[in-house]
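Please look through the sequence and the model below before reading on. The paragraphs that follow are meant to be read with both at hand.

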Amino acid sequence: MEEVFAAEIAKSLLGKLGSFAVQEFRLAWGLEDDLARLEERLRAINVVLSNAEKQQSKNDSLRLWLHMLREVLYDAEDVLDEIQCETLQRQVMRTKGSTSRKVRHFFSSSNKIAFRLRMGHKIKKIIERLGEISALKSDFNLSEQAIDCSHVLHEETEMNRSFDSFSGLIGRDEDKERIINLLVAPFKVGDAHPLVLPIVGMGGLGKTSLAKSVCDAENVKSHFELIMDSCVSDDFSLKQVIQKIIKSATGERCADLDEGELKKKLEEILNGRKYLLLLDDVWNEDAQKWLLLKPSLSKGADGSKIILTTRSRRVAEITATVTAYNLSLLGQEDCLSLFNKCAFKEGQMELYPNLVGIGKEIVAKCKQVPLAVINLGTQLYGKIEEKEWKSVRDSEKWEEEGDGILPALKISYQRLPTHLKRCFLYCSVFPKDYDFVDLYLVQFWMAHGLIHQSSNPNENLEDVGLRYVRELISRCFFQDYVDAIFLASFKMHDLMHDLASSLSQNECSIISSQNHQISKTTRHLSVLDSNSFFHQTLPKFPNNLHHVRSIVFADNIEGPTCKTDFEKCFSEFKHLRSLELMGHSGFEAFPERIGTLKHLRCLSFCGKEDIRLPKSLSKLQNLQALVVGEEGLEELPKDLRYMISLRFLGLTTKQKRLPEVGIGCLKFLQTLLIFYCENLENLCEDMRGLRSLRKLVIFGCNSLISLPGSIKCLTALEEFGILNCAKLDLMTTEEKEKEKNIQPLSLQIVIFAGLPATLALPEQLLQGTAESLQTFIIKDCPNIGEIPECIGNLKNLQNLEISDCPSLSKRCRRGTGEDWPKIKHIPKIKVDDDDSGEETSH
């Protein structure tokens, strides 16, 4: 049953009304009385919300009352945001110093009065609606409870374990061996080509984990020339499936190729090569679609094989060329071993035999489904009070219909803190098998106001958001976690996605070729079929679109009218907070009307090669995150400096140099990622203006020849990575004459990798990190000759890794290398062909 979260939204609103910024708005716009009445009305209704939300599951009328209240609270958020937008816009207008007629009108007293009257009218209507709803609360006998509106984050769940997700492969050794034997068996005349082996079983049994484990086995990897995987999921699109297979084989996206060209390219890749392909989570029961894909897959060498995972026996019948492998339930003893591994710290089981007994009863209710076992085990990890375990064992959710997995997942969800529940549910707007990136997901949550300010003044919203991510991973709401140091990626199990979708269906709508419907309460749209969306959903439901806050376009936006169709979004979705285009867009320039989306906080798109961004983008003063994907921009917007709220910028550009008076003026920017800029030779010189920058990563910019000296002025920078930049010499950051006063920096992690043109490490930069640097990684820098003397002064350096640097590795050999005395104080040192990761004794 869907939760309403009216109390969370009300607390957020009260927090905004009490903030310094809104106090400023009250004075600036003459809205003191209106906003004070709104706050008073909210406080009166807020005291009963906690009690109301506890009772809603047993009272349909109460739940309907909460739904009505939530809609009004959302509208109140929109009004406060509109006031903030106007204030930010005036702030930028003043910095421009223009005296044009348009600007003079904007600042005129008549315009200010008109805006105040418009906002005053909206606030009064909201107060009236709140009054009507508040009058009904007496019908429900709700008790008042004091509410803390400070939004201080609760203590984080203990997280001593690594993030390696539990594979669920306990008890699957025989299954794995049988499948491997089938795959490595020699090809015989008369065998099917390619051989197709479906692995069939209900959701949560571990089909994907088993198939991936098989593909990773050494004897399987040595048997095949090429191993690929593609998650197919619900909406079988031949074009997208082929794109995924090609990307797995070569890394190419091939967004601009049509279906025929994609088939030809796939056939060229497979031609004459013995391959293994994993097609994961297949639902398509249309034999014709499979027959359209199969000819391209037949181009591989004899002995090529396909593993296919599915819950559908019909899919297995259509595709199999050998008997399907039916994955059975996990044995009860194996389930118990898996649960204990997830639930107990090492050596803890013997101390708590009472919990072991309760755990056995919980496992029995999971009906031998590994995902249910893992999920509940991780929920109880580190918990030693019996009542915690008994609350899981005795939950009323077990009485609901299901095969063990759905009740278990609902119990796990029920045990989440409220702030994590909302974050989890909002993830359902992204399609199944979506590759989440922690940094971007946090920005998405921030765009929707889901992250609460920490009581720690040194911790900002991004830090808190990353803690939310880690906690959801530790509770197994996400899986397939990959830590890439500067960022992490992960996925959501499709059953978890189903749970999130079912619990958020009143607010989130998925538009596909089968479903074109959206309701008046829809706030978030996941568009799997843009053609259906533009030509069926938009015309049929024009009155249901005004409140939409996020859209994810999961497929390509193509066709002769694609740009016109896309522009319709900007006129309909007045309150959009986030917009993501995952696929290829068929227009060369982003529509100018993007500048009308004044509430937009998060914008991400892959786009077409050399896509142009309009000047109007600089009107988005609320924009906090801008991500330009793999294909790249023709150039960055000239007025980028006016996007004063930007905190996260990920970009690919065709420019040779980043423009001055642009990025360097973004004083709130926290993260800057510069990827695959093939023409980029120089960054901008004015980077010292990035006073808040904490993470800077430059990757795959092979024309980059120098870095600005102002990088040494980024005193807030904590993580710095330069990777795969073939022409870059790091010594360009150094001053010709050594500085007497080295600027102290905050760097904690530094990685230099794939820099063949660098001959020496930047000593002045490293000297500034004497008090802060904790991890220093040097990879594939073959021409760096030695470790500088200043390394000995890095008091807090805990971890030094050197690999694929022949000269440097030799000089840093434990005990014998010339540079060993400089580094022997570091607790953990890992050098090629040395005692890997051995602790250094003192």
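The text below goes through helices and cores, then strands, then aromatic rings, and lastly the backbone.

This is a predicted model, in which local features need pLDDT of at least 70 and side-chain atom pairs count only at pLDDT 80 or more, while totals for chains, interfaces and linings use all residues. Residues are numbered from 1 along each chain as its sequence is written, and side-chain values use heavy atoms, with hydrogens and water left out.

We begin with a helix. Helices (H or I, at least four residues) and strands (E, at least two) are DSSP runs, numbered from the N terminus. A residue is called buried under 20% relative accessible area, exposed over 50%, and partly exposed in between, with a 1.4 Å probe and protein chains only. Helix α19 (residues 405-414) has eight of its 10 residues buried, so the rest of the structure largely encloses it. Those buried residues are I405, P407, A408, L409, K410, I411, S412 and Y413. Their cover includes α17 (370-379), α18 (386-393), α20 (418-426) and α23 (494-503). Y413 also has K421 over its face, at 5.3 Å from the ring centre; a charge sits over a ring if NZ of Lys or CZ of Arg is within 6 Å of the ring centre and within 35 degrees of the ring normal.

The next topic is the nonpolar core, a set of buried Ala, Val, Leu, Ile, Met, Phe, Trp, Tyr and Cys residues joined through side-chain atoms within 4.5 Å. The largest such core has 117 residues, of which W65, F424, L441 and W445 touch the most other members. Helix α5 (residues 60-96) gives the most to this core, namely 11 residues. What surrounds W445? Leaving aside neighbours within four places in sequence, W445 is in contact (heavy atoms within 4.5 Å) with C423, C427, L450, I451, G465, Y468, V469 and L472. Another core lies apart from the largest one; it has 97 residues, among them L525, L600, L696 and C725.

L525 leads on to the strands. Two strands pair if DSSP finds at least two bridges between them. Strand β10 (residues 524-527) runs parallel to β11, and four bridges join them; the bridge partner of L525 in β11 is I551. Between these two strands the chain passes through helix α24 (residues 530-540), and this β-α-β crossover is right-handed. The term right-handed means that, with the strands pointing away from the viewer, the path from the first strand over the helix to the second runs clockwise. β11 also pairs with β12 in the parallel sense over four bridges, and V552 has E580 as its bridge partner in β12. β11, α25 and β12 again make a right-handed β-α-β unit.

An open sheet of three strands shows antiparallel pairing in the order β6-β8-β7. β6 (436-437) and β7 (479-483) stand at its edges with a single partner strand each, so one side of each has no neighbour in the sheet. Three bridges join β7 to strand β8 (residues 488-491), where A488 stands opposite D483.

We turn to the aromatic rings. A pair of aromatic rings is described by the distance of the centres and the angle of the planes. Rings of Phe, Tyr and Trp (its six-membered ring) pair if their centres lie within 6.5 Å; planes under 30 degrees apart count as stacked, over 60 as edge-to-face and the rest as tilted. By this rule there are 26 aromatic pairs. Y434 and F436 form an edge-to-face pair, 4.8 Å centre to centre with 75° between the planes, and both are buried. F566 and F590 are also edge-to-face, at 5.7 Å and 80°. F566 lies in helix α25 (residues 562-572) and F590 in the loop between β12 (578-581) and β13 (602-605), so their pair ties together parts 24 residues apart in sequence.

Finally, we consider the backbone. Most residues other than glycine have a negative phi, and most peptide bonds are trans. H193 and P194 are joined by a cis peptide bond, with omega about -10°. P194 is placed in the loop between α8 (173-184) and β1 (195-200). D480, in strand β7, has a positive phi near 55°.
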